[in-house]
Amino acid sequence: MEFLQRAMGSPCRLGILPGTFNPVTVAHLALAQAALRTVDEVVFILPRAFPHKPYAGASFKQRLRMLQAVLRESAACSIATSEGGLFVDIAAECRAAYGPDVRLTFLCGRDAAERIAGWDYGEPGAFHAMLRQFDLLVAARAGEYRPPAEWGGAIGRLELAGAFDHVSATEVRERIARGDPWEHLVPPEASGQVREIYR
């Protein structure tokens, strides 16, 4: 794990927000802001390789520059890259960077939680076993996430300050391609870069 920006101090509970950030959106920030009511720090993680999609659109460096522009003044937020793209890999890298005693909490929306929980990890029960290494805070996204009862203690609900179902990086890119308004979907600090990259 390599840090581009690191919050001061040693968190007891670390919020981990992995993403493609293609581009960064106001929903990403809303997840982090909501989580900071519960966690001590949020680290935005950009994997060098994704398990479910290739790099397209913005380059790796462009995505990092967007994150830096948006989070420059956020004292409780860090930016880092990871070698692995699966939650279990990212958790191991965070554990190595932050120490063995930090509590790791991944932040995501319902759609991402379902994708992660249903991923084929090569052996039955693998994701359930991972929940002994980290927990999840899941925001509603076109519906609530309903985990199996046996996972309940490791998966909590993340309440966002507003409605963000309509916000996605895909929606931003599609609006730009159609010539529709998109600026309200991205943080203002990144709008200039988004305009340059995706137009």
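Helix 4 contributes the most to the lining of the largest pocket, with four residues. Helices (H or I, at least four residues) and strands (E, at least two) are DSSP runs, numbered from the N terminus. The structure is a predicted model, in which local features require pLDDT of at least 70 and side-chain atom pairs count only at pLDDT 80 or more, while totals for chains, interfaces and linings use all residues. Residues are numbered from 1 along each chain as its sequence is written, and side-chain values use heavy atoms, with hydrogens and water left out.

The volume of the largest pocket is about 1100 Å³. Its lining comprises 49 residues, and those nearest the pocket centre are Pro 18, His 28, Asp 111, Ala 112 and Arg 115. Two or more lining residues come from each of strand 2 (13-18), helix 1 (26-35), strand 5 (103-109), helix 4 (110-118), strand 7 (155-158) and helix 6 (169-178). Rolling a probe the size of a water molecule over the atoms shows where empty space is left. On a 1 Å grid over the protein atoms alone, a cavity is a set of points where a 1.4 Å probe fits but cannot get out, whereas a pocket is an open set with protein on both sides within 12 Å along at least five of seven lines; lining residues have an atom within 4 Å of a point. Grid points are joined across faces, edges and corners, and a volume is the space filled by probe spheres set on the points. By class, 27 nonpolar, 12 polar and 10 charged residues form the lining. In this division Ala, Val, Leu, Ile, Met, Phe, Trp, Tyr, Cys and Pro count as nonpolar, Asp, Glu, Lys and Arg as charged, and the others, Gly among them, as polar.

Arg 110 also belongs to helix 4. With a relative accessibility of 15%, Arg 110 counts as buried (buried means under 20% relative accessible area, exposed over 50%, partly exposed in between; 1.4 Å probe, protein chains only). Its side chain reaches the backbone oxygen of Arg 141 at 2.6 Å, a polar contact being a pair of N or O atoms within 3.5 Å; within protein, one must be able to donate a hydrogen and the other to accept it, and residues adjacent in sequence count only if both atoms are side-chain atoms. Beyond its neighbours within four places in sequence, Arg 110 is in contact (heavy atoms within 4.5 Å) with Val 138, Ala 139, Arg 141, Ala 142, Gly 143, Glu 144 and Tyr 145.

Val 138, one of these partners, lies in strand 6 and is buried at 3% relative accessibility. Residues up to four places away in sequence being left out, Val 138 touches Cys 108, Gly 109, Arg 110, Ala 113, Tyr 145, Ile 155, Gly 156, Arg 157 and Leu 158. Val 138 and Thr 38 are separated by 100 residues in sequence and by 13 Å between C-alpha atoms.

Six aromatic pairs were found in a search of the whole structure. Rings of Phe, Tyr and Trp (its six-membered ring) pair if their centres lie within 6.5 Å; planes under 30 degrees apart count as stacked, over 60 as edge-to-face and the rest as tilted. The ring centres of Phe 106 and Phe 134 are 4.8 Å apart and the planes stand at 70°, so this pair is edge-to-face. It links distant parts of the chain, 28 residues apart: Phe 106 is in strand 5, and Phe 134 in the loop between helix 5 (126-130) and strand 6 (135-139). Phe 106 is buried at 0% relative accessibility, and Phe 134 is buried at 3%. In the pair of Tyr 121 and Phe 127, the centres are 6.4 Å apart and the planes at 15°, so the pair is stacked. Phe 87, Phe 106 and Phe 134 form one aromatic cluster.

The loop between strand 2 and helix 1 contains Phe 21, Pro 23 and Thr 25. Most residues other than glycine have a negative phi, and most peptide bonds are trans. Phe 21, however, has a positive phi near 50°, and a cis peptide bond with omega of about 10° joins Asn 22 and Pro 23. Phe 21 is buried, at 0% relative accessible area, and Thr 25 is buried at 2% relative accessibility. A polar atom of the Thr 25 side chain lies 3.2 Å from the backbone nitrogen of Ala 27.
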